[in-house]
Amino acid sequence: MLLHLIPEQTNIKFLSKSRFFIGASALLILASIALFAIEGLNLGIDFKGGITLEVGMEDKPVPLADVREALGGLGLGDVSVKRFGSDREVLIRIERQQGDDAAQSDVMTHVRAELIKAIPDLHFRQSNIIGPVVSEELARDGTIAVSVAVFMVLIYIWLRFEWQFGVGAVIALVHDVLLTVGFFSITRLEFNLTIIAALLTIVGYSLNDTVVVYDRIRENIRKFRKKDMADIIDMSLNQTLNRTIMTSFTTLIALLALFFLGGEVIRGFTAAMIWGVVVGTYSSIFIASPLLTTFNMRAETLLREDDKDDPTVDKSRPTPFDQM
């Protein structure tokens, strides 16, 4: 690797500060849960129900000011007007109105008539009414999707490594998800289906970072049997630190470009991803790996009998098979 954001060889004692970082994370998680319980989330139409309309114009930008003026006097409550794709396409979201689906259809017809009156060249691309039942199903399915993803991660890590690795990885992932929920609760950014997609992406990103570090820990356990577990974890974190920082830095560059230049439609998604990359990187270094010592992870549990044929393995330390 030619570019280094930090020195190639570092010797940082990560585990010496592990109690501080684990304690700080515990406080942040409790604060996130308290914020969620007190303030809740600024749920979007996907979860509350409402009306969406996609409108556009053939050869010129949609005048947002005229759209907002046409809708402003209708007394529809929370109305969102955002560009998406190009400046000739606009997405309109209207909160669910009082009444049944027939009442929602009447409101949609009224809105279309007012928009055509204000902007005769406007074309309607798509219109949808999202009912409360659909919203509840989306909320339930989103929760199930995140829960299943985290549970499958536990099974995968458990089978590939040891149970301590699996539990450590899952705690780090739950840490990332809860802090992201707290982030949306305090910022009041709209929480919609794209944020569920962002949460699943954050789970995958954080897991990748954690598995890279865990793989190096497992390799070092086999190579350096005389070292203490804490020293092996510190050494592994230092060896992978440059890769971790470089991956997060380049990912953040792309996400920041999308956040500032990608438009309003994906701003919530990119905000969640930026936050997720930061907390995912933090948790893989300061939470997932130090927890191995908390769970009394021992090197002997990962040593195998066939290591005797591996020339890279330090054989001066007795294996569990030697002790039998």
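Ser185 has its place in helix H6, where helices (H or I, at least four residues) and strands (E, at least two) are DSSP runs numbered from the N terminus. The model is a predicted one, in which local features need pLDDT of at least 70 and side-chain atom pairs count only at pLDDT 80 or more, while totals for chains, interfaces and linings use all residues. Residues are numbered from 1 along each chain as its sequence is written, and side-chain values use heavy atoms, with hydrogens and water left out.

Ser185 counts as buried because its relative accessibility is 2%; buried means under 20% relative accessible area, exposed over 50%, and partly exposed in between (1.4 Å probe, protein chains only). Apart from neighbours within four places in sequence, Ser185 is in contact with Leu35, Phe36, Glu39, Gly40 and Leu41, contact meaning heavy atoms within 4.5 Å. From first C-alpha to last, H6 reaches 36 Å, close to the 36 Å expected at 1.5 Å a residue; the expected span is 1.5 Å times one less than the number of residues. Just after H6, Arg188 takes a positive phi of about 60°.

A partner of H6 comes next. Helix H6 (residues 163-187) packs with helix H7 (residues 193-223) at an angle of about 145°, and their axes are 10 Å apart. Here axes are lines fitted to C-alpha atoms, for helices over the stretch in contact, and angles run from 0 to 180 degrees between N-to-C directions. On the H6 side, the residues making the contact include Phe165, Leu173 and Phe184, and on the H7 side they include Ile195, Leu199 and Tyr214. The residues of this contact divide into twelve nonpolar, four polar and one charged. In this count Ala, Val, Leu, Ile, Met, Phe, Trp, Tyr, Cys and Pro are nonpolar, Asp, Glu, Lys and Arg are charged, and the others, Gly among them, are polar.

Gly268, in helix H9 (residues 267-288), touches Phe184 and Ile195, not counting residues up to four places away in sequence. Gly268 is buried, with a relative accessible area of 18%. Val213 is found in helix H7 and counts as buried at 1% relative accessibility. Leaving aside neighbours within four places in sequence, Val213 is in contact with Leu237, Thr240 and Ser289. The C-alpha atoms of Val213 and Thr240 are separated by 6.5 Å, although the two residues are 27 residues apart along the chain.

Across the protein, the secondary structure comes to ten helices and six strands. Buried residues make up 43% of the 324 residues.
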